[in-house]
Amino acid sequence: MGVQMTFEWKHSTDGINWDELSALYRAAPLGDKSPQHLQKVFSNSLFKCFVYEHSKLVAAGRALADGADCAYLCDIAVLPSHQGTGLGQQIVKALVDMSSGHKKIILYAVPGKEPFYKKFGFMRMKTAMAIFEHPQQQVERGYLGEDGA
C-alpha cells in the first residue's frame, strides 16, 4: 500500500460503541450480530482486541477463555477496506499471545481458510464436535458434517 497505517489498539470494552461494532460484523461480512449480543459476548470474554484508525473501528476479535485450560478465539473481523493488510493476522497473533498460558487454544475456521491459521500453529482437530443453533445451515456452509465426520 505504501502508506504506513497507524492503529490504536484497545483491550477493554470501556467506551466501545456497540452499534459501530455491529456494523463492522455486517461489513466484514460475518453476519448480523446485534449490539446487545456483542456487548454480552465481548464483556464475558477474557481477551479482546478493538483496532482503530483515526478513531474509526476497523477490526476486532475476542477469545473466550477460563484463565488456564481452554481459550476459544472467535469473532475476528476486519473491515473490507483493511482486509489483506495483515491486520487480521495481527489480531490472531495478539489473541494467541494473550491465551498462551492455556493448555489448549481452539477456533473454527471459515471453510477453506484453514491454511491461514496453520501459520499460527493451529492443527486440525480430528474429534471436534459441535451443537449449533441452526445445524442444517451450518452443514450447508461447510462447518458441520451430517455424518458426524
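Biologist: Does Tyr117 count as buried or exposed?
Modeller: The relative accessibility of Tyr117 is 14%. With a 1.4 Å probe and protein chains only, a residue under 20% relative accessible area is buried, one over 50% is exposed, and one in between is partly exposed. At 14%, Tyr117 therefore counts as buried.

Biologist: From what pLDDT do side-chain atom pairs count?
Modeller: Residues are numbered from 1 along each chain as its sequence is written, and side-chain values use heavy atoms, with hydrogens and water left out. This is a predicted model, in which totals for chains, interfaces and linings use all residues, local features need pLDDT of at least 70, and side-chain atom pairs count only at pLDDT 80 or more.

Biologist: What is the volume of the largest pocket?
Modeller: A pocket is an open set of points on a 1 Å grid over the protein atoms alone, where a 1.4 Å probe fits and protein lies on both sides within 12 Å along at least five of seven lines; lining residues have an atom within 4 Å of a point. Grid points are joined across faces, edges and corners, and the volume is the space filled by probe spheres set on them. For the largest pocket the volume is about 1400 Å³.

Biologist: Which element gives the most to the lining of the largest pocket?
Modeller: The lining has 40 residues, with Leu30, Asp75, Ile76, Val110 and Tyr143 nearest the centre. Two or more residues each come from α2 (35-43), β3 (56-65), β4 (70-78), α3 (87-98), α4 (114-118) and α5 (135-141), where helices (H or I, at least four residues) and strands (E, at least two) are DSSP runs numbered from the N terminus. With seven residues, the element that gives the most is β4.

Biologist: Which residues that line the second largest pocket are the closest to its centre?
Modeller: This pocket has a volume of about 1100 Å³. Its lining of 30 residues has as the closest to the centre Tyr108, Arg124, Met125, Ala128 and Tyr143.

Biologist: Which residue in β4 is the bridge partner of Ala59?
Modeller: Strands count as paired if DSSP finds at least two bridges between them. β3 pairs in the antiparallel sense with β2 (residues 47-53) over seven bridges and with β4, also antiparallel, over six bridges. Ala59 in β3 stands opposite Val51, while in β4 the bridge partner of Ala59 is Val78.

Biologist: Which residue takes a positive phi in the hairpin of β3 and β4?
Modeller: In the hairpin of β2 and β3, with two residues between the strands, His54 has a positive phi near 50 degrees. The hairpin of β3 and β4 has four residues between the strands, and a positive phi near 95 degrees is taken there by Gly67.

Biologist: How far apart are N and O in the salt bridge of Lys93 and Asp97?
Modeller: A salt bridge needs a side-chain nitrogen of Lys or Arg within 4 Å of a carboxyl oxygen of Asp or Glu, and the structure holds six of them. Lys93 and Asp97 both lie in helix α3, four residues apart, about one turn of the helix. Lys93 is partly exposed at 45%, as is Asp97 at 42%, and their N to O distance is 2.8 Å.

Biologist: What kind of ring pair do Tyr108 and Tyr143 form?
Modeller: Rings of Phe, Tyr and Trp (its six-membered ring) pair if their centres lie within 6.5 Å, and planes under 30 degrees apart count as stacked, over 60 as edge-to-face and the rest as tilted; by this rule there are nine aromatic pairs. The centres of Tyr108 and Tyr143 are 5.2 Å apart and their planes stand at 85 degrees, so the pair is edge-to-face. Tyr108 lies in the loop between β5 (104-106) and α4, and Tyr143 in the segment after α5, so parts 35 residues apart in sequence are tied together. The kind of pair is thus edge-to-face.
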